[in-house]
Amino acid sequence: MIRLEKRPQPSRFWTAATPVVAVLATMVAGGILFAALGKDPFVAIRTIFWDPLFNEQFAAFSRPQLLVKAGPLILIAIGLSLGFRAGIWNIGAEGQYIMGAICGAGVALAFYPLQAWWLFPMMVMAGALGGWAWAMIPAILRTRFNTNEILVSLLLVYVAENILASMSLGLLRNPQGSGFPGSRNLQQYPSAANPELIAGTGMHWGIVAAFIAVIFAYVLLSRHIMGFNIQLAGQAPRAARFAGVSPARLVIFCLGLSGALAGMAGLFEVAGPAGQITIDFNVGYGFTAIIVAFLGRLQPIGILLAGLLMALTYIGGELSQFMLGLPAAAIQAFQGMLLFFLLAGDFLINYRIRVGRTAVV
Amino acid sequence: MDLSSINPVLLLSALIVASTPILLAALGELVVEKAGVLNLGVEGMMILGAICGFAVAVETGNPVIGFLGGAAGGAALSLIFAFLTQYLLSNQVATGLALTLFGLGLSAMIGQGYSGIQAPRTADIDFGPLADIPFIGPVFFTHDWVVYASLFLVVAVWYALTRTRAGLILRAVGENHDAAHALGYKVVRVRMLAIAFGGACAGLGGAYLSLVRVPQWTEGMTAGAGWIALAIVVFGAWKPGRVLLGAYLFGGISVLQLNLQAAGVKVPVEFLSMSPYVITILVLVIISADRSRVALNAPASLGRSFHASS
């Protein structure tokens with residue numbers, strides 16, 4: 001008979017080992033999935049995880065993409081992880097990302113064609129503010145009216161998508177775009193562009209911001225009272241209230257910060273790799289970041305690594321689409337599977353598997 | 001703008017069709033939550049049900065088998081959630097999200113060869129002279145069997161939860177799983193069954209979307225219907241009758257905004273399209289503002305993991 005026995009203390013070994021085990025298990029299960037689709041599983045796994053980095057033919061193009069894709073994922077996941085630790089579930093980062101992009105690009109387009117050094121910093125602030133404001137809706141509804149922040153933040157994604165459609169067809173549409181939907185291309189507007197900082201690396205300001213966010217979150221969690229309060233509220237909500245931690249302030253702080261970071265990620269994307277506001281410029285980073293946050297164990301350093309790995313599956317997914325004809329959705333299912341294995345593996349942290357009969361205590 | 005082009009009879013009839021997928025999914029989730037489990041994967045189970053139902057119906061040429069396939073698909077996906085949360089004690093919120101993400105990916109993968117084809121038609125039930133009654137006839141007696149099955153399910157769920165022993169056990173498990181365990185009820189087994197039922201209902205709702213409501217397969221076609229079903233369970237205060245009301249209210253809004261779009265109202269299309277989501281949020285706010293009422297109705301063990309040792 002197999003049963004679970006609660007560990008007196010969470011296992012440190014398994015805390016670090018489960019993500020690795022989960023990735024390996026996903027490779028096996030993914031291989032089976034790809035085999036079922038009639039592809040050679042070994043070639044498919046190699047194309048996803050190895051070729052983007054080391055294949056002579058593709059690496060030159062793929063390697064810079066790694067940072068380009070990892071930047072927004074890490075930036076969003078850092079914000080989400082703080083809330084998740086405190087039991088505050090912001091799952092509408094996709095909406096905050098869109099609103100940040102609209103606000104930031106809106107500032108740039110309002111000043112077009114002015115050239116000034118302060119324009120880009122102002123766009124970043126507008127982007128963060130847009131994401132923050134969008135996240136404040138669920139935060140205030142939660143603190144004032146006790147409304148579930150999971151449902152509200154998620155439903156607001158659909159509202160944001162409609163606003164995006166309205167903006168790219170109306171207010172922000174390029175007046176010289178001969179009627180096509182979408183805004184002016186910000187990459188052709190030097191003061192507003194978010195260019196590649198070091199040629200051939202994919203490094204842009206968004207990735208710099210992501211690294212700063214990792215350091216900031218690390219310091220916050222290990223050195224600052226707010227970080228301590230966040231962890232306390234997540235692990236022992238009652239104890240936190242007795243210690244004088246205000247749940248409402250935590251909700252406002254966690255949702256606001258994650259919204260601001262998601263909004264910034266959106267702005268960096270729209271001013272850099274995406275270039276312009278279009279109906280479907282968002283590609284689901286806000287949802288994938290949830291997986292990144294969990295894969296990184298809600299720890300800043302872990303999220304940094306998880307973001308890079310997840311970016312790799314994005315690029316590898318595109319490559320396998322092009323090389324092997326794997327459907328684009330396969331990689332999405334693959335990422336979802338990873339989260340399942342991760343959550344399944346988590347029980348090893350708190351429980352021990354015992355095989356055989358047990359003595360009744 | 002020509003509001004006279006909106007026909008109230010057609011509007012009410014369309015309302016019932018538009019509400020049925022959400023009603024089915026919300027009823028399933030109601031039973032799951034009554035058993036003390038919060039499954040946020042409704043959206044994923046719905047969309048998998050939509051493609052499974054569509055694919056089975058196209059392959060067999062029989063929409064009834066298609067609906068069964070949709071329910072089976074939703075239930076199969078929900079069993080992953082059930083296994084993870086009930087046996088491996090994973091966090092229910094995170095696992096539900098994973099279910100949604102995985103369901104969206106998997107359904108898009110299965111559905112590759114199915115976009116742009118027509119599903120076999122589900123015929124309306126012939127009520128004979130009843131359908132000829134003015135107003136009432138066209139509104140209530142011109143639908144397919146799933147609509148009536150969903151209404152029957154409302155009554156069945158209400159009866160089972162409040163009038164049968166099995167329903168009492170299910171509610172006991174949801175209110176206080178430790179006490180239910182001490183009385184000898186199999187908490188995990190009850191919850192597994194409830195989750196599978198919820199998955200089958202969500203799958204059925206999804207299949208209704210792809211086989212009757214739209215009726216076609218497109219990627220991501222549920223467009224948040226699963227999340228709205230979750231909101232409707234809160235709105236309905238975990239009572240089947242009020243869930244019916246909530247689902248029809250929501251269906252009414254989405255049909256009305258489509259009619260207003262068609263009538264050319266001077267409001268941008270995007271604002272009409274977002275109205276169902278905005279109104280769902282507003283309704284949620286109004287309902288949950290009264291803390292005492294929510295606390296009174298919500299199952300006490302909702303979202304908590306159960307392990308016999310603790």
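Trainee: Which residues of α10(B) meet which residues of α11(B)?

Mentor: Two residues are in contact if their C-beta atoms, placed from the backbone, lie within 7 Å. On that basis I228(B), I232(B), V233(B) and F235(B) in α10(B) meet V243(B), G246(B), A247(B) and F250(B) in α11(B). This is a predicted model, where local features need pLDDT of at least 70, side-chain atom pairs count only at pLDDT 80 or more, and totals for chains, interfaces and linings use all residues. Residues are numbered from 1 along each chain as its sequence is written, with chains lettered from A and ligands numbered from 1 in the order in which they are written.

Trainee: How many residues of that contact are nonpolar, polar or charged?

Mentor: Ala, Val, Leu, Ile, Met, Phe, Trp, Tyr, Cys and Pro count as nonpolar, Asp, Glu, Lys and Arg as charged, and the others, Gly among them, as polar. Here the contact of α10(B) with α11(B) has 7 nonpolar, 1 polar and no charged.

Trainee: How many residues of chain A are in contact with chain B?

Mentor: 37 residues of chain A are in contact with 40 residues of chain B. Elements giving two or more residues to chain A's side are α6 (119-145), α7 (149-169), α12 (285-295) and α14 (328-345). That side divides into 27 nonpolar, 8 polar and 2 charged residues.

Note on methods: Helices (H or I, at least four residues) and strands (E, at least two) are DSSP runs, numbered from the N terminus.
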